[in-house]
Amino acid sequence: MSKLDIDAARLTASLEALGRIGAYDDDVTGLVGVRRVAFTKEDGEGRRHVVNEFKAAGLEVTVDRIGNVYGRRKGRDDGAKPVMAGSHIDSVATAGRFDGCLGVLGALEVVKTLNAAKVTTRRPLIVAFFSEEEGSRFGTDMLGSAVAVGRLPLERAYGLTDRDGKTVRAELEAIGFLGDADVRLQPPHAYVECHIEQGPTLRAANVELGVVTGVQAICWHELVITGRSAHAGTTPMNLRADPGVAAARVQLLLRDLVRSGRFGTELRATMGVTQFHPGLVNVVPNRVTATVDIRHPDDAVLQRAEAELVKAYAQLAAEENVTLVHRQSARTPDIAFSTKVQDLVERAAKARGLSNTRLVSGAGHDCQELARLCPAGMVFVPGEYDGISHNPREFSTPKQCSDGVNVLLDVLTALAEEEGP
Ligand code: HGY
Ligand code: MN
Ligand code: MN
């Protein structure tokens, strides 16, 4: 493993600097959160900031046609397949400063450490950030990396729209990141991503580092439930067709699916969005748009749960005298990461005296897309406050972050010295 250590203070400072872009006062937690939703002005600002950081570290930067950004560092054998590391810097609307950013700025910190030590690895290194990993604006997660590996056609991605009907292509152009490099990624030699766990497992077990075995299966639905708008006071209950009641039944249906035990104990179901139209106190809504997020470590079980859900949609719509149309907006199977990369992560953790354990990721990550192209794996870092994430309270200590990025350094340098094309 490498004899080098990253500069923990420099990593912390870079996370704080990026965290100031898109900072906002969160009225729920009273904390300063981060809001850099994909292809917004703030995302554009964050992107330009990181591109400048890439260039300052001597990386050769390219931007592809879906806005993915790659920073390349020459290798001794510059024709060999590169080793890639990265993540995303777009965020949900109520984020902290670590989700995704630790993987991008951590990989950049590895480059800075190698620069300072005047070490050139055999293979080139590429540091990347991918577009709209969160999927919370344009409705499908890992958008940029899914296009890069060919799971999502570019033209389909371009046509996706947000709630205001704005398209991916137009918004990408508006922030100046509609690049011209071809989107299809040449398979790297390997890909490694350092990320916060975003859950309670590591911290609760007092384990310092996670060796990620893969990602659970994910399915998102967008629902449009249409009924009949009416006056809340004058309309008798038996004359109503209320999509709000149907939406409430979907929420309870999700809870019943989980509690039924028919899908084991690991099914997770969330209704993150319900929007009433017109959304007025004295008007029975005519339309409710909503989202469903269901996940399970076993894709076959998730398929069964989804099939039961779709059947139940039809039944409750008929009973409530509404129409319910659902669109599967995101769908990824459970993905297993490379055992070789997992073993490298574990060996590096052990060599640094870090307690570690293997675990499946509950959250989706760009790494699961890159795993379609090359051996890929992740390093998880514990989070404080039960590992809360997608929330301004998200926090990992400087030691937790530097432990993870030091292991990333070790794994990347080991992979970058491997023989072969
Ligand atoms: O939804 C997820 O799991 C990830 O944060 N995009
Ligand atoms: Mn993330
Ligand atoms: Mn996220």
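Domain bounds here come from an automatic or database domain assignment. In this predicted model, the assignment gives the chain two parts, domain 1 (8–215 + 334–416) and domain 2 (217–332). The C-alpha centres of domain 1 and domain 2 are 32 Å apart.

The interface between the domains was examined next. On the domain 1 side, 15 residues make contact, and they meet 15 residues of domain 2. About 1000 Å² is buried between domain 1 and domain 2. Carbon and sulfur atoms give 47% of that area. Three residues stand out on the domain 1 side: Asp 141, Arg 163 and Asp 334. Together they supply 43% of the area that domain 1 buries against domain 2, more than any other three residues.

Polar interactions across the interface were then counted. Five residue pairs are in polar contact between domain 1 and domain 2, with both partners at pLDDT 80 or more. The side of domain 1 that touches domain 2 has six charged, six polar and three nonpolar residues.

Ligand 1 was treated separately. The residues around ligand 1 are Glu 133, Glu 134, Trp 220, Arg 295, Ala 363, Gly 364 and His 390. By class, this shell has three charged, two polar and two nonpolar residues. Several of its members approach oxygen atoms of ligand 1. For Arg 295, a polar side-chain atom lies 2.7 Å from a ligand oxygen. For Gly 364, the distance to an oxygen atom of ligand 1 is 2.7 Å, and the protein atom is a backbone N or O. An N or O atom in the side chain of His 390 is 3.2 Å from an oxygen atom of ligand 1. On its own, ligand 1 has 210 Å² of accessible area, and the protein covers 94% of it.

How values were computed. Residues numbered from 1 in each chain as written. Chains lettered and ligands numbered in written order. Predicted model: local features only at pLDDT ≥ 70, side-chain atom pairs only at ≥ 80, totals over all residues. Heavy atoms only, no water. Near = heavy atom within 4 Å. Polar contact = N/O pair within 3.5 Å; in protein donor to acceptor, adjacent residues only side chain to side chain. Areas by Shrake-Rupley, 256 points an atom, 1.4 Å probe, with all protein chains shown as cover. Nonpolar A, V, L, I, M, F, W, Y, C, P; charged D, E, K, R; others polar. Contact = heavy atoms within 4.5 Å. Buried area = accessible area lost by both parts, 1.4 Å probe.
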